[in-house]
Amino acid sequence: MKSILVIGSQWGDEGKGKVTNLYSKNADIVVRYQGGNNAGHTVKFDGKEFHLQTIPSGVFNKNTINILGNGMVINPIAVYKEMQTLIEAGFDCSNVIISSRAHVDLNYHLELDGLKERKLKEKQIGTTKKGIGPCYTDKISRDGIRFADFIDEDFPKIYKEHLKEKNELIEELGGNPIDYETSIEEYKKVIEFLKPHVKETVSFLAKARKENKKILFEGAQGSMLDIDFGTYPYVTSSNCTSGGALTGSGIGIGYIEGIVAIIKAYTTRVGEGPFVTELFDEISTTIREKAHEYGVVTHRPRRIGWLDLVQLRFSQNVNGFKHGALMLFDILSGLGDIKVCTAYELDGKIIDYVPASLKETYRCKPIYKTFKGWNEDISKCKTYDELPQEAKDYVEFIEKELGIKFVLISVGPDQKDTIIREDIF
Ligand code: IMO
Ligand code: MG
């Protein structure tokens, strides 16, 4: 395939970084299209580990162009720092392009994110406090600042006007106003550095497509955090489902040839909100410690649960994926019986969909199918045939239920710990 989309099918942290980094080796272009530095994509190779938040996973390949698409909200100071870290590690970042249509996630957005959360008290979303919600709010209310304007000579004036208004809001919410002079000095420094990276990206992508270049679209977060289809309001503020790749990059719907869903072998979520298959017993602790399930961005312990097929079928319907990547499969070894949720029980009735109502979702109880586990260490398996039969039964059941094929299975954190079943890109 010439163009594929890699998408998180659960609540984020499914292992997208590993898969996109793997595919990015064959990509001429990698595009991030939504979210910002709320994402935390871990990439491990050659014994090294990197945490990317804003920059696409193709940055490590010299010849791959990495686009930060128009659908993103980008904190210029954070992206500057991320680039400095990469440059120090020997990756020069000359292959990074920022869309001039992307929105600028500014210091007042971050401040407002924290203050709004504080105001919500026990109803807080549990955001990453990176300013994502307030920045997208400004975008939708036509009050945002885009990178085209950020690098323009008028930016100090525009910023000053915006800051005046935002400072009033900040004070209303009990915060301290942000100082214009210190902020603008810092911004001027990063503008100078970032300016050569800011470009019109829609025509760039179109040209690349016509030249038959290989394009990889890298999703952030996950389908259940989608602003439309997730567990609203406990979601992020962008479309993490496949539609977001179109609007967030400017590629036409007919130009994406395949979608690979990243599916963790169990379920996790960070932040608040309903989680039907959540576990509170020692299995959740074992998984958390074994897989180091702590947030890359906020370091919060992730909530853990069994795989939820009701949620995944919903995700499959919304995204339309036919291929999958099964992640962190090795973590299930030695756990004893493994459960998979196949339906929900809601007020005595069996349902096979995710309710829109948050109240109803909180009342849903999982109905499980139990699988016999395995004790073998599968992390050294190189082919599908080497997996124990019990592991294969688990894989094939999910494939059948979702009508997909797992093209790769991850059995360890490093790139080499991967069973490739089909080369699709
Ligand atoms: P990656 O790309 C997991 C969650 C936050 C919070 C909610 C809203 O690494 O999979 P936000 O700061 O976006 O307004 O927070 O969304 N969240 C993520 N959870 N993985 C992520 O990204 C996330 N990005 C945001 O924890 O519940
Ligand atoms: Mg993450």
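Two strands pair if DSSP finds at least two bridges between them. The views below come from a predicted model.

View 1. An open sheet of ten strands runs in the order 9-7-5-2-10-1-11-15-19-20. Its pairing is mixed. Strand 9 (198-199) and strand 20 (418-420) are the edge strands. Each has a single partner strand, so one side of each lacks a neighbour in the sheet. Strand 1 (residues 3-8) and strand 10 (residues 215-218) are parallel and joined by four bridges. Within this pair, Leu-5 has Phe-217 of strand 10 as its bridge partner. As background, strands of a sheet pair through backbone hydrogen bonds, either parallel or antiparallel.

View 2. Helix 13 covers residues 389-402. The helix lies across strand 11 (258-264), strand 15 (323-327) and strand 19 (405-410). Relative to strand 19, helix 13 runs at about 145 degrees.

**View 3. Strand 7 and its two partners.** Val-96 and Ile-98 point one way from strand 7. Ile-97 and Ser-99 point the other way. All four of these residues are buried. Strand 5 (residues 65-68) runs parallel to strand 7, and three bridges join them. In this pair, Leu-68 stands opposite Ile-98 of strand 7. Strand 7 is also parallel to strand 9, with two bridges between them. Here Ser-99 has Lys-199 of strand 9 as its bridge partner.

**View 4. Surroundings of Ser-99.** Ser-99 belongs to strand 7 (residues 96-99). Its relative accessibility is 1%, so Ser-99 counts as buried. A polar atom of the Ser-99 side chain lies 3.0 Å from the backbone nitrogen of Arg-101. Setting aside residues up to four places away in sequence, Ser-99 touches Leu-68, Gly-69, Asn-70, Phe-147, Lys-199 and Thr-201. Lys-199 in that list is the bridge partner of Ser-99 in strand 9.

**View 5. A stacked pair, Phe-45 and Phe-50.** The count of aromatic pairs comes to 20. Phe-45 and Phe-50 form a stacked one, 5.7 Å centre to centre. Their planes are 25 degrees apart, and planes under 30 degrees apart count as stacked. Phe-45 is buried at a relative accessible area of 13%. Phe-50 is buried at 12%.

View 6. Phe-147 and Phe-150 form an edge-to-face aromatic pair. Their centres are 5.4 Å apart, with 70 degrees between the planes. The two residues are three apart in helix 5 (residues 147-150), so about one helical turn separates them. Phe-147 is buried, with a relative accessible area of 0%. Phe-150 is buried too, with a value of 0%. Both rings belong to one aromatic cluster, formed by Tyr-108, Phe-147, Phe-150, Phe-155, Tyr-159, Tyr-180 and Tyr-187.

**View 7. Charges over rings.** The charged end of Lys-160 sits over the ring of Tyr-180, 4.9 Å from its centre. Tyr-180 is one of the aromatic cluster members. In another contact of this kind, Arg-209 lies over the face of Tyr-255. The distance to that ring centre is 3.4 Å.

**View 8. Thr-127 in its loop.** Thr-127 is in the loop between helix 3 (107-120) and helix 4 (132-140). Thr-127 is partly exposed, with a relative accessible area of 25%. Its side chain makes a polar contact with the side chain of Asp-113, at 3.0 Å. A polar atom of the Thr-127 side chain also lies 3.0 Å from the backbone nitrogen of Lys-129. Not counting residues up to four places away in sequence, Thr-127 touches Asp-113, Glu-117 and Arg-300. Thr-236 is 109 residues from Thr-127 in sequence, yet their C-alpha atoms are 7.8 Å apart.

**View 9. Asn-319 at work in helix 11.** Asn-319 is part of helix 11 (residues 309-319). At 3% relative accessibility, Asn-319 counts as buried. Its side chain makes a polar contact with the side chain of Ser-223, at 2.9 Å. The Asn-319 side chain also reaches the backbone nitrogen of Ser-242, at 2.8 Å. Beyond neighbours within four places in sequence, Asn-319 is in contact with Ile-7, Ser-223, Thr-241, Ser-242 and Ile-259.

Terms used. Residues are numbered from 1 along each chain as its sequence is written. Chains are lettered from A and ligands numbered from 1 in the order in which they are written. This is a predicted model: local features need pLDDT of at least 70, side-chain atom pairs count only at pLDDT 80 or more; totals for chains, interfaces and linings use all residues. Side-chain values use heavy atoms; hydrogens and water are left out. Contact means heavy atoms within 4.5 Å. Axes are lines fitted to C-alpha atoms, for helices over the stretch in contact, and angles run from 0 to 180 degrees between N-to-C directions. Buried means under 20% relative accessible area, exposed over 50%, partly exposed in between (1.4 Å probe, protein chains only). A polar contact is a pair of N or O atoms within 3.5 Å; within protein, one must be able to donate a hydrogen and the other to accept it, and residues adjacent in sequence count only if both atoms are side-chain atoms. Rings of Phe, Tyr and Trp (its six-membered ring) pair if their centres lie within 6.5 Å; planes under 30 degrees apart count as stacked, over 60 as edge-to-face and the rest as tilted. A charge sits over a ring if NZ of Lys or CZ of Arg is within 6 Å of the ring centre and within 35 degrees of the ring normal.
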